[in-house]
Amino acid sequence: MKPILLLLITVLFFNCSKEIIDPPMPESQNDTVLMLKVDFLNEVFEGGKEIMVNEPIADFDVTSNYQEPGDFGGIQLYSANSNTLLFDGTIVWMGLGEVQYPLEIESPANFSTLEDAIELPVADQFENVMYSEFAYYPEDMDLSTIWNAIDDLALVKTYRDANPEAKIQMFLYTPSVGVGDPAEWDWMIFMKN
């Protein structure tokens, strides 16, 4: 009787432990944020990255942690609902900061393109990331020229089709301030699927 009981306990243990070790992936694990990098002066697409987030809701807001550059500063951007890090960059007064996260982005050549451009969303769909009261965004910002840099990307269409009401978050990364050089600045555009 004891060997049968021991065998049943062993079988039960292994069947239960498999569920604990290998649980099914929740659907929210498939949610991603697409970050696209566009040169500030030339409005040329420079690459991008998909970042996994754990937020099944459609809304998309970005929060920030900003360290004002006395000499050295930085900024981190997070998905507001999941607190997932989306971007981290240093900012140097009278110098040049650098992107800390994501360290690597896919080159433009790795992005599939479409034959037809994706129509520019209405201006209300775009939102500037206001990381401080001194956040700089050009008054004459032309959304259409920025959008033209990414309007033929298949992933942009996929994200817009999957979540057409979500805000497109715009962040102007200025790694140099003081006598900052706009040739070193980049638009970081975030979309959630």
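These legends accompany close-up views of a predicted model.

**View 1. Salt bridges across the model.** The structure holds 3 salt bridges. Side chains of opposite charge can pair when their charged atoms come close. Two of the pairs share K37: one joins K37 to E46, another joins K37 to D186. A further pair is K157 with D161.

**View 2. The K37, E46 and D186 network.** Salt bridges link K37, E46 and D186 into a network. K37 meets E46 through their side chains at 3.9 Å, N to O. D186 also pairs with K37, and the closest N and O atoms are again 3.9 Å apart. This second pair links distant parts of the chain, 149 residues apart: D186 belongs to strand β10 (residues 186-192) and K37 to strand β1 (residues 32-39). E46 has 29% relative accessibility, so E46 counts as partly exposed. D186 has 9%, which is under the 20% cut-off, so D186 counts as buried.

View 3. K157 and D161 form a salt bridge, with 2.9 Å between the closest N and O atoms. Both residues lie in helix α3 (residues 154-162). They are 4 residues apart, about one turn of the helix. K157 is partly exposed, at a relative accessible area of 37%. D161 is exposed because its relative accessible area, 52%, is over 50%.

**View 4. The largest nonpolar core.** This core has 43 residues. L36, I150, F171, I189 and F190 touch the most other members. Several elements each supply at least two residues: strands β1, β2 (45-52), β4, β5 (85-93), β8 (168-173) and β10, together with helices α2 (143-148) and α3.

**View 5. Contacts of I189.** I189 is one of the core residues that touch the most other members. Residues up to four places away in sequence are not counted here.

**View 6. S79 in strand β4.** S79 is found in strand β4, which covers residues 72-79. Its relative accessibility is 0%, so S79 counts as buried. Neighbours within four places in sequence are left aside in this view. S79 is then in contact with V53, E55, F60, D61, T84 and L86.

Notes: Residues are numbered from 1 along each chain as its sequence is written. This is a predicted model: local features need pLDDT of at least 70, side-chain atom pairs count only at pLDDT 80 or more; totals for chains, interfaces and linings use all residues. Side-chain values use heavy atoms; hydrogens and water are left out. Buried means under 20% relative accessible area, exposed over 50%, partly exposed in between (1.4 Å probe, protein chains only). Contact means heavy atoms within 4.5 Å. A salt bridge is a side-chain nitrogen of Lys or Arg within 4 Å of a carboxyl oxygen of Asp or Glu. A nonpolar core is a set of buried Ala, Val, Leu, Ile, Met, Phe, Trp, Tyr and Cys residues joined through side-chain atoms within 4.5 Å.
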